[in-house]
Amino acid sequence: MIRIDIITVLPELLESPLSHSIVQRAKDKGLANIVIHNLRDYGKGKYRQTDDYSFGGDAGMVIMIEPVYKIISKLKNERQYDEVIYMSPDGTLLDQSISNSLSLKSNLIILCGHYKGIDHRIREHLITKEISVGDYVLSGGEIPAAILCDSIIRLIPGAISDETSALSDSFQDNLLAPPVYTRPASFNGWEVPKVLLSGNPKLIREWQESQSFERTKKLRPNLLK
Ligand code: SAH
């Protein structure tokens, strides 16, 4: 069972992406527990303030260290965490090997930034890992956090009904997945490759392996290095 605590100022953004399909099934089966925390509950004063103007006068609000420190300290008092992750455009680019290794952990905290970002002292003193979902900027860390959780949880044994299915996906073994087809075998005169209809598992596997290799060579040659 993996437990993931997500800290956000916009819990609504996370609820739907983490309540369907494989992720929901993993939660139902007790393989994953995702707990979403509203940072606002730890904010100060009548307005439960969580952000403030940035020093130096740049435009845009910055998430404050106090509420983040409060919630992270509270969680750390309750259990031992393997990583405290901040979703950030300047973090390490997420790839399958990061997801593989995080899927073996027991307790993770994911902090979502918003607005202009978070007080840098949070990153210096509280965060152990920074992850980006790509070289572009989004409005908040919630969608990146959902991407990270989905990619981790589908790897947990039992989350996908066919155990081998996650292993045959792209990027495992540094290869892209082979093409897949379903009925009908002929549509508009567009045919499914004959070998897939042959019923010969050995031939099919060989065809899939060569397709994986060819597609990787053509589309992602850097994976083969
Ligand atoms: N001013 C920051 C961007 C802030 S975007 C900068 O230029 O680097 C607001 C929040 O969205 C960030 O705090 C981060 O949590 C999230 N975010 C935006 N783009 C992201 C990306 N590519 N990967 C992960 N998180 C991202």
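**Domains and ligand**

Me: What is the distance between a nitrogen atom of the ligand and a backbone N or O atom of S88?
Reply: This is a predicted model. Pairs of N or O atoms within 3.5 Å count as polar contacts. For S88, a backbone N or O atom and a nitrogen atom of the ligand are separated by 3.3 Å.

Me: How much of the ligand's accessible area does the protein cover?
Reply: Take the ligand on its own. Its accessible area is then 550 Å².

Me: Which strand gives the largest share of the shell around the ligand?
Reply: The shell has 20 residues, with Y86 and M87 among the closest. Both β5 (83–93) and β7 (129–132) supply at least two residues. The largest share, four residues, belongs to β5.

Me: How many charged residues are in the shell around the ligand?
Reply: Sort the shell by class. Ten residues are nonpolar and nine are polar. The number of charged residues is one.

Me: How far apart are the centres of domain 1 and domain 2?
Reply: The domain assignment gives domain 1 as 2–153. It gives domain 2 as 168–224. Taken over C-alpha atoms, the separation of their centres is 36 Å.

Key. Residues numbered from 1 in each chain as written. Predicted model: local features only at pLDDT ≥ 70, side-chain atom pairs only at ≥ 80, totals over all residues. Heavy atoms only, no water. Domains from an automatic or database assignment. Near = heavy atom within 4 Å. Polar contact = N/O pair within 3.5 Å; in protein donor to acceptor, adjacent residues only side chain to side chain. Areas by Shrake-Rupley, 256 points an atom, 1.4 Å probe, with all protein chains shown as cover. Nonpolar A, V, L, I, M, F, W, Y, C, P; charged D, E, K, R; others polar.
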